[in-house]
Amino acid sequence: METLLFLKYMFRSAAVLAVLCVLFNIFLREETFHRFNRWAILISCIAAFIVPIFVFTYTYSPLNGIFQITGLHYTSFRFLSSSHEAIFFQGMTLIYFIGVFASIFIKTLSIISVNRMLRSSRQIKTITMRGRLIKVYLTERGCSFSWMNNIVISEQESTHNQINEYYIFKHESGHVLARHSYDIIFIDLLVSLQWFNPFVYLFRQYLRDLQEFEADSYVVDSEPDRKDYLSVLLEAAMIHNNISFSALCFANSLKDRIVMLSRKHSSSASKLKVCYIPIVLLFCLYFFAEVTLV
């Protein structure tokens, strides 16, 4: 594929992602069916890369206003330099791939850092939940987190309180059982491929928020009284309450989680809002089509 054609494909994918991200924020972000919203984001991201591959061709007659689809072809990918290609577009493509490799390298370092943290933490037990073997670790400082089938509980957050530790463990178990680590790998790969697109970072944040909401729902749905869990969240906010920007983001995330837990469940009919996805994709297929005037 010529360099210009490749750049056109990437920017079309970015445009589709941008539209779907804005509409998700309008229609679905405030709803409480978190797993459904997760799938809406994942499907939107996949579709944004698939739709621009299909290019319809059709003829249009301005005299009678009739158009007719004449064919469909697929975008092929080959990276061969052509003598007539402008150096400018080749340079843009080179910059794009440098950004992709740099982003993937940074994400790889993050995964290595997590694995090192797991090795440096003290394993306290191994349990089986829904047929999955989960290892539980304890660390002195930092935030509690989960990765794949591993859960790390921070003594700083649990404050050596059995109730706090119980709720933190249950919350992280919700992440593990929902396989949220695979979502993170997927969305980080997408961010690497679309590092120039600000909307993909919004999608990543929306997905991470939904993961927290879903894990919170896993906790409160099995508890008779959610007040104890809310108090644990508030205590965690106090622990991380300092001037740093990361702590401010953490506090804002906790605020959103508490607000979401206090919200009434959305009606099943609200799921019909997801119809904006196929409508947008069909519109994009029409917008990206090649027109021949007759």
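Of the contacts in the protein (heavy atoms within 4.5 Å) with a separation of 6 or more, 68% are between residues 24 or more positions apart. This is a predicted model, in which local features need pLDDT of at least 70 and side-chain atom pairs count only at pLDDT 80 or more, while totals for chains, interfaces and linings use all residues. Residues are numbered from 1 along each chain as its sequence is written, and side-chain values use heavy atoms, with hydrogens and water left out.

**Overall make-up**
- The protein has 10 helices and 7 strands; helices (H or I, at least four residues) and strands (E, at least two) are DSSP runs, numbered from the N terminus.
- Among the 294 residues, 43% count as buried, where buried means under 20% relative accessible area, exposed over 50% and partly exposed in between (1.4 Å probe, protein chains only).

**Nonpolar cores**
- A nonpolar core is a set of buried Ala, Val, Leu, Ile, Met, Phe, Trp, Tyr and Cys residues joined through side-chain atoms within 4.5 Å.
- The largest one has 39 residues, and L17, L20, F24, I41 and F203 touch the most other members.
- Two or more residues of this core come from each of α1 (3-27), α2 (34-50), α3, α6, α7 (198-220) and α10 (276-287).
- The most are given by α1, with 10 residues.
- A second, separate core has 10 residues, including L138, I153, I168 and F169.
- Leaving aside residues up to four places away in sequence, F24 touches R29, N37, I41, F203, Y206, L210 and Y276.

**Packing of α3 and α6**
- Helix α3 (residues 87-120) packs with helix α6 (residues 180-193) at an angle of about 150°, and their axes are 8 Å apart.
- Axes here are lines fitted to C-alpha atoms, for helices over the stretch in contact, and angles run from 0 to 180 degrees between N-to-C directions.
- The angle makes α3 roughly antiparallel to α6, a term for angles over 145 degrees.
- On α3 the contact is made by Y96, V100, S103, I104 and K107, and on α6 by D188, V191, S192 and L193.
- These residues divide into 5 nonpolar, 2 polar and 2 charged; Ala, Val, Leu, Ile, Met, Phe, Trp, Tyr, Cys and Pro count as nonpolar, Asp, Glu, Lys and Arg as charged, and the others, Gly among them, as polar.

**Cysteines**
- The structure holds 0 disulfides, a disulfide being a pair of cysteine sulfur atoms within 2.5 Å.
- For C21, which is in no disulfide, the nearest cysteine sulfur is that of C45, 8.5 Å away.
- C21 is buried, with a relative accessible area of 1%, whereas C275 is partly exposed at 38% relative accessibility.

Conventions. Parallel < 35°, antiparallel > 145°, perpendicular 65-115°, else oblique.
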